[in-house]
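Subject: Structure handover

Hello,

Here is the structure you are taking over. Please open it first, then read my notes below.

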Amino acid sequence: MDARTPWQALTRGNYLRSAWPWRSAGYLASSALTGIAALLALVVLVVFSLILVGLPLLVLAGVALAVLERRRLRLVDLEPAPSPHRTPAEPGLGAWLRLRLTEQATWRELAYGLLHALVLWPLDALAVAVAIGVPAAMTAAPVQLALDGEEARVVKGPLVTTYPQAFAAAVAGLVLLAVLLHPLAALAGARAQLTRLLLAPRESELRDRLTEVTRSRARLVSAFEAERRRIERDLHDGAQQRLVALTMTLGLARLDVTAGPLADRLATAHDEAGQVLTELRELIHGIHPQVLADYGLGAALADAADRSAVPVDTAVELPRLDRSVETAAYFAVCEALANVAKHSGADRAGLTARHRHGMLEISVRDDGAGGADPAHGSGLTGLADRIAVLDGTLTITSPPDGPTVLRVEIPCEPTESRPTESRPAAGELAAGRPAASEPAGRSR
């Protein structure tokens, strides 16, 4: 494995033939650029801070310097150092400033800025001067002698008057350079670790950020589910009711006309309207099935098994669960049953679902050919991400010759202690009749 830091490079036998000696020298030498700029800015801002004008700018200067230092760190540390700061919840400079002043990372960056401006960059420059400058001056002894014509003084020390002495000094300089490049890399590695310690996010900050990202994903999923339910409700209460009325009107019109061309056209229109109504009901069912909302996950899974093209043996006993859990689990099972019908070549499938010890456990098994690769299925990948938002897992085992088993586990607690109500008959659902537990005032 390739080295990613100077310390790792030092353990390799080809260190001197790699780019790491010069990356280390470049990192330490460039420290003077940001260090001098930071020192000048520090002096100016300290003067203004005496009248309290420059104090906020002094704090924020550390934030700006940290951005540059994290990028410069990539010279000697290939692992990216992300920003430790959080994104403000509100737009605007005021919200950004208030958040920065309350973060520990801001004050660590200010401390690094002061340390860098006053101590670190002079030490870095001195190390580069000794490790690179002294050997370079010794190596240049023949050139100095040629330019002077009579004598040359090597690094303000020994006097060289002949070319053999000058070339001997040059060889000694090369040997010294090869030796000093090792401690130079060690120093660069130490500086990189210090920079990462002060400027990179700490474990607690990463944990807080991960928690916030998880909550954000959960909010997005909830928003998507709310939008799906809204679309399903609008289609059900709007377009579907209009189509039902149109179908009934066409049916009554057929009764009022005698046999002939007009009756035939009315019959065709009546049949077309019926087919469109059926397709719309299937579409609504795919968006967010009514049985899931009204009767819960257990009834919805049994309904999905009834609809499957492959016979499914079910063993389902579930209480009512959180709506987001029921929705994610339902669509995972639907995707699994669809894959069984399309790809497995199975004769039968089995579906088990239960809730125990604070965990929803679902298993879909088939007797098909096996060899399924979940990496090639975008549908299951998306569902796995959706379940991960709920701290759940979706796993697939599918050896060659089968069986293929999909397992879903989601930690959750029942919202009702009693088991799921028995679902309505499949014909009732297909006809879109009102559900028994539906709230008053909403027609289905």
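Start with pairing: two strands pair if DSSP finds at least two bridges between them. Helices (H or I, at least four residues) and strands (E, at least two) are DSSP runs, numbered from the N terminus.

Two notes on the source. This is a predicted model, in which local features need pLDDT of at least 70, side-chain atom pairs count only at pLDDT 80 or more, and totals for chains, interfaces and linings use all residues. Residues are numbered from 1 along each chain as its sequence is written, and side-chain values use heavy atoms, with hydrogens and water left out.

The sheet

In β7, Arg-407 is the bridge partner of Ser-363. Strands β5 (residues 359-366) and β7 (residues 404-411) run antiparallel and are joined by eight bridges. β6 also pairs with β7 in the antiparallel sense, over five bridges. There, Thr-393 has Glu-409 of β7 as its bridge partner. β6 and β7 form a hairpin, with six residues between them. In its turn, Asp-401 has a positive phi of about 75 degrees.

Five strands form an open sheet, in the order β3-β4-β5-β7-β6, with mixed pairing. Which strands stand at the edges? They are β3 (312-317) and β6 (393-397). Each has a single partner strand, so one side of each is left without a neighbour in the sheet. From one strand to the next, the twist averages 10 degrees.

Two helices pack on this sheet. For their angles, axes are lines fitted to C-alpha atoms, for helices over the stretch in contact, and angles run from 0 to 180 degrees between N-to-C directions. Touching here is contact, meaning heavy atoms within 4.5 Å. Helix α11 (residues 297-307) touches β3, β4 (349-356) and β5. The direction of α11 makes about 175 degrees with that of β3. Helix α12 (residues 323-344) touches β3, β4, β5, β6 and β7. The direction of α12 makes about 10 degrees with that of β5.

A helix pair

Two packed helices are described by the angle between their axes and the distance between the axes. Helix α3 (residues 55-72) and helix α5 (residues 104-139) pack at about 75 degrees, with their axes 8 Å apart. That makes α3 roughly perpendicular to α5. The cut-offs are under 35 degrees for roughly parallel, over 145 for roughly antiparallel, 65 to 115 for roughly perpendicular, and oblique for the rest. Residues of α3 in this contact include Leu-58, Val-59 and Gly-62. Those of α5 include Trp-107, Leu-110 and His-116.

Three residues

Buried means under 20% relative accessible area, exposed over 50%, and partly exposed in between (1.4 Å probe, protein chains only).

Ser-344 lies in helix α12. Is Ser-344 buried or exposed? Ser-344 is buried, because its relative accessible area is 11%. Its side chain reaches the backbone nitrogen of Ala-346 at 3.1 Å. Leaving aside neighbours within four places in sequence, Ser-344 is in contact with Asn-339, Asp-366, Gly-368 and Ala-369.

Arg-100 is in helix α4 (residues 93-102). Arg-100 is buried as well, at 7% relative accessible area. A polar atom of its side chain lies 3.1 Å from the backbone oxygen of Arg-86.

Asp-271 sits in helix α9 (residues 261-287). Asp-271 counts as partly exposed, at 45% relative accessibility. The C-alpha atoms of Asp-271 and Thr-247 are separated by 8.3 Å, and these residues are 24 apart along the chain.

Best wishes

Note on methods: A polar contact is a pair of N or O atoms within 3.5 Å; within protein, one must be able to donate a hydrogen and the other to accept it, and residues adjacent in sequence count only if both atoms are side-chain atoms.
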